[in-house]
Amino acid sequence: MQYQCPKCQSRKILPVASASEPAVRPNVPKSLVILIPAIFVLLLLVVISIAMWAFGDGAGQTLQIATVVVFLICAGAGVMFWRDLPDFKISMQAFMSNNRHWKCRDCNHEWNI
Ligand SMILES: [Zn+2]
């Protein structure tokens, strides 16, 4: 099965949840739920640290500890996500093939499989 619009062949398609046939949501692993915000926090802390190094006397100790802690959380969640990845892929594929109603983002064409 190919995931593209039958009208304009675009690959920018969206699953549309229908009330009569609710799509089974993919199982998003908890590690991914932790990993994404942790990466954002880590980036933020790194940017703050760099700014403090550039404009001040260097990053404070609390900030350094916080950066290390958040980095460890990222690394742990990353390893867990790596392990969850095969299951996550299977559940995403099941979601893609179970979903019957699609919409194209380029031409707004909607169709059922
Ligand atoms: Zn289209």
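Ground rules come before the details. Residues are numbered from 1 along each chain, as its sequence is written. Because the model is predicted, local features need pLDDT of at least 70 and side-chain atom pairs count only at pLDDT 80 or more, while totals for chains, interfaces and linings use all residues.

Helix α1 covers 30-55, and α2 covers 61-98.

Now the annotation. An unreviewed UniProt entry places the feature "transmembrane region" at residues 32-56 and 62-82. Positions are in the numbering used here, feature names are shortened, and annotations may be inferred rather than shown by experiment. In the model, residues 32-56 are 96% helix and 0% strand, with end C-alpha atoms 35 Å apart. Residues 62-82 are 100% helix and 0% strand, and there the ends lie 30 Å apart.

Next, packing. Which residues of α1 are buried? They are Ser31, Leu35 and Ala38. Buried means 20 or more other C-beta atoms within 10 Å of a residue's own; exposed means 12 or fewer; partly exposed is in between; C-beta atoms are placed from the backbone. The cover over these α1 residues includes α2. An α-helix has 3.6 residues a turn, so residues three or four places apart point the same way.

The largest nonpolar core has five residues: Leu35, Ala38, Val70, Cys74 and Ala77. Such a core is a set of buried Ala, Val, Leu, Ile, Met, Phe, Trp, Tyr and Cys residues joined through C-beta atoms within 7 Å. Both α1 and α2 supply at least two of its residues. The largest share, three residues, comes from α2. Take Ala77. Neighbours within four places in sequence aside, Ala77 is in contact (C-beta atoms within 7 Å) with Ser31, Ile34, Leu35 and Ala38.

On to the sheet. Three strands form an open, antiparallel sheet in the order β1-β2-β3. Strands β1 (13-15) and β3 (110-112) stand at the edges with a single partner each, so one side of each has no neighbour in the sheet. From one strand to the next, the twist averages 30°. Strand β2, residues 101-104, pairs with β3 in the antiparallel sense over three bridges. Pairing takes at least two DSSP bridges. Trp102 has Trp111 of β3 as its bridge partner.

Pro6 is 105 residues away from Trp111, yet 8.3 Å away in space, C-alpha to C-alpha. Pro6 lies in the segment before β1. Pro6 is partly exposed, with 13 C-beta neighbours inside 10 Å.

Last, the backbone. Most residues other than glycine have a negative phi. Gln9, not a glycine, has a positive phi of about 65°. Gln9 sits in the segment before β1, and is exposed, with 11 other C-beta atoms within 10 Å. Asn108 has a positive phi of about 60°.

Notes. Helices (H or I, at least four residues) and strands (E, at least two) are DSSP runs, numbered from the N terminus. Axes are lines fitted to C-alpha atoms, for helices over the stretch in contact, and angles run from 0 to 180 degrees between N-to-C directions. Two residues are in contact if their C-beta atoms, placed from the backbone, lie within 7 Å.
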